[in-house]
Amino acid sequence: MTVKQLMDDLIDPASDFIFNAVGTVISDKGVVETEPKTDDDWAKVRVGAVTMAEGIYLLKIPRPIAPPGDLNNSVGPDASELTPDQIKAKIEADTVLWNAKIEALRNINLQVLEIVKRKDAKELSEAGEILDQACESCHLEYWYPAEKDLMKRLDRRLKGQ
């Protein structure tokens with residue numbers, strides 16, 4: 001499997017068990033809070049965390065970035081993503097950073113497993129935010145790094161600079 005296939009077919013779907021477990025939806029009908037309530041709900045979160053914690057380690061095994069011919073969204077003047085060759089070059093140029101990002105993702109999922117044992121929805125919500133930041137940090141480094149500058153500009157605007 002390629003990195004892209006592992007992300008699309010294993011890691012990303014597993015993350016939904018965590019990201020969708022806790023949330024708030026505000027609509028015309030009011031506010032709806034979602035959180036795990038039953039043992040089955042918490043089991044789904046556990047499955048997501050185990051799958052992500054172990055699945056992310058598969059990224060330590062050198063492998064192709066994407067299937068042959070898949071160039072991501074890297075073609076054209078406004079390409080938003082790096083090519084698979086560019087991603088591979090970044091990984092090979094600094095394997096310590098690549099492995100550190102993998103460890104960060106694994107560690108937050110191990111924390112989620114501890115939260116599942118305590119069945120603490122508030123902690124799960126906080127861990128979900130940290131997980132989202134860890135995922136986005138990796139994506140900004142290896143998949144769509146041009147958005148780092150966009151994020152900095154937006155941050156400066158929000159701070160009124």
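## Basis of the model

This is a predicted model, in which local features need pLDDT of at least 70 and side-chain atom pairs count only at pLDDT 80 or more, whereas totals for chains, interfaces and linings use all residues. Residues are numbered from 1 along each chain as its sequence is written, and side-chain values use heavy atoms, with hydrogens and water left out.

## Overall build

The chain contains six helices and two strands, arranged from the N terminus as α-β-β-α-α-α-α-α; helices (H or I, at least four residues) and strands (E, at least two) are DSSP runs, numbered from the N terminus. Along the principal axes, the C-alpha atoms occupy a box of roughly 45 × 45 × 25 Å. Among the contacts with a separation of 6 or more, 68% join residues 24 or more positions apart, a contact being heavy atoms within 4.5 Å.

## Surface and charge

Of the 161 residues, 34% count as buried, a term that stands for under 20% relative accessible area, with exposed meaning over 50% and partly exposed in between (1.4 Å probe, protein chains only). The accessible surface comes to about 10200 Å², and carbon and sulfur atoms hold 54% of that surface; the areas come from the Shrake-Rupley method with a 1.4 Å probe.

There are 21 positive and 29 negative side chains, and the centres of the two sets lie 3 Å apart. Lys and Arg count as positive and Asp and Glu as negative, while His and the chain ends are not counted.

## Aromatic pairs

The whole structure holds two aromatic pairs, where rings of Phe, Tyr and Trp (its six-membered ring) pair if their centres lie within 6.5 Å, and planes under 30 degrees apart count as stacked, over 60 as edge-to-face and the rest as tilted. One of them is the edge-to-face pair of W98 and Y142, at 5.0 Å centre to centre with 90 degrees between the planes. This pair links distant parts of the chain, since W98 lies in helix α4 (residues 95–118) and Y142 in helix α5 (residues 121–142), 44 residues apart. W98 is buried at 8% relative accessibility, and Y142 is buried at 4%.

W143 and Y144 form a tilted pair, 5.1 Å centre to centre and with 45 degrees between the planes. Here W143 is partly exposed at 32% relative accessible area, whereas Y144 is buried at 12%.

Methods. The place of a charge is taken as NZ of Lys, CZ of Arg, CG of Asp or CD of Glu.
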